[in-house]
Structure formats: structure tokens, C-alpha cells
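Look at the chain below.

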Amino acid sequence: MDHHYEHFWLDPKFWVAVSFVIFFLLVGRMAWARITGMLDAKADRVRAELAEASRLRVEAEALLKQAEADRASALKEAQDLLARAQAEAQRVGEASAAEAEASAKRRERMALDRIAAAEAGAVAEVRGAATDIAVAAARNVIAERIDAKADAALIDDAVAGLPARLRA
């Protein structure tokens, strides 16, 4: 069966081929629209994720800088605190040494005062004892050597020398 059609559009194979091409064009166009839509959505998601990653990176860098600044600040504060503590310890040590020295000087002065008081008391006691001994010895000597006549002569001499002693 060999059909020869005058015009090729009258051939059913032609129309099958045309309908096949139209079908593929329509289906391809719909598939292309869906594929490009999915690819565009995927690209938008990737762009959004990249933007989010970039934003997170900037935020992380800012947090890192802030953490480094906080660390440096904390280190400086710790060094300042250590320096103040050392200065305070130095000051307290010097004050304690000065107080200990002053306390030792006060104790030394008190001990010297006690020694001087004990020495003065001992000297006064010795003088008192010496005076008592001298008075007793003088009484004995006077009682043995001086009689009433010598006693009157001594009194007369003392009264006569009284005006000269009062002027001196």
C-alpha cells in the first residue's frame, strides 16, 4: 500500500509527527518552566544561605574582636589589680616594719625609763643608807668628843658666821 499524497500535510505521518513535536514542545515548555523554577528557587535558597553565612561570618568576626577586646581588657585589669595588690602589700609591709620599729623604740624607752627609775631608787636608797650611817657616826663622834664647853663654842662660832653665810 503505497500512498502518494499530493501534499505532505495530507499524510497522517506528518500530522503524527507535528502533534508529537507540539506535545514535546508543550510538555518541554512546562517541564522547562518547572525545572527553571526549581533551579531559581534552589539558587535563591543558596543566595539566602550565602547571605546568612556572610552575615554570620561578619557577626562572628565582630564577636571575635569583642572577645579579644574583652580578653585584653580583662588582662589589663588583672595586671592593674596585681600591681595595686603588690603596691598595697609593699605599703603594708613598710607600715608594719615602721610600726614594729616604733614599738621596739617604745619598749626600749620604757625599759630605759624603768632602768633609770630603778637606778634612781637604788641611788636614793644608798644615799639614805649612807646618810643614816653618817648621822649615826656623827652622833657617836659628837657624843664622845664634844662636851658642854665645846658645844657652846661651836654654837657661838656658827652664830658669828651666820651673817657672812647669808650674804653669800
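## Annotated spans

Helices here are DSSP runs of H or I, at least four residues long, and strands are runs of E, at least two. The model is predicted.

UniProt, in an unreviewed entry, lists residues 14-32 as "transmembrane region". In the model, residues 14-32 are 100% helix and 0% strand. The end C-alpha atoms of this span are 26 Å apart.

The unreviewed UniProt entry also lists a "coiled-coil region" at residues 43-95. That span, too, is 100% helix and has 0% strand. Its end C-alpha atoms lie 76 Å apart.

## Aromatic pairs

How many aromatic pairs does a search of the whole structure find? The search returns 3. Phe14 and Trp15 form an edge-to-face pair, because their planes stand at 75 degrees and the cut-off for that class is over 60. The ring centres of Phe14 and Trp15 are 5.1 Å apart. Phe14 is partly exposed, with a relative accessible area of 26%. Trp15 is also partly exposed, at 46%.

Phe20 and Phe24 form an edge-to-face pair as well. Their centres are 4.2 Å apart, with 75 degrees between the planes.

Where do Phe20 and Phe24 sit in helix H1? They are 4 residues apart in H1 (residues 12-145), so about one helical turn separates them. Phe20 is partly exposed, with a relative accessible area of 49%. For Phe24, partly exposed too, the value is 44%.

Phe23 joins this group: ring pairs link Phe20, Phe23 and Phe24 into a cluster.

How values were computed
Residues are numbered from 1 along each chain as its sequence is written. This is a predicted model: local features need pLDDT of at least 70, side-chain atom pairs count only at pLDDT 80 or more; totals for chains, interfaces and linings use all residues. Side-chain values use heavy atoms; hydrogens and water are left out. UniProt positions are given in the numbering used here, feature names are shortened, and annotations may be inferred rather than shown by experiment. Rings of Phe, Tyr and Trp (its six-membered ring) pair if their centres lie within 6.5 Å; planes under 30 degrees apart count as stacked, over 60 as edge-to-face and the rest as tilted. Buried means under 20% relative accessible area, exposed over 50%, partly exposed in between (1.4 Å probe, protein chains only).
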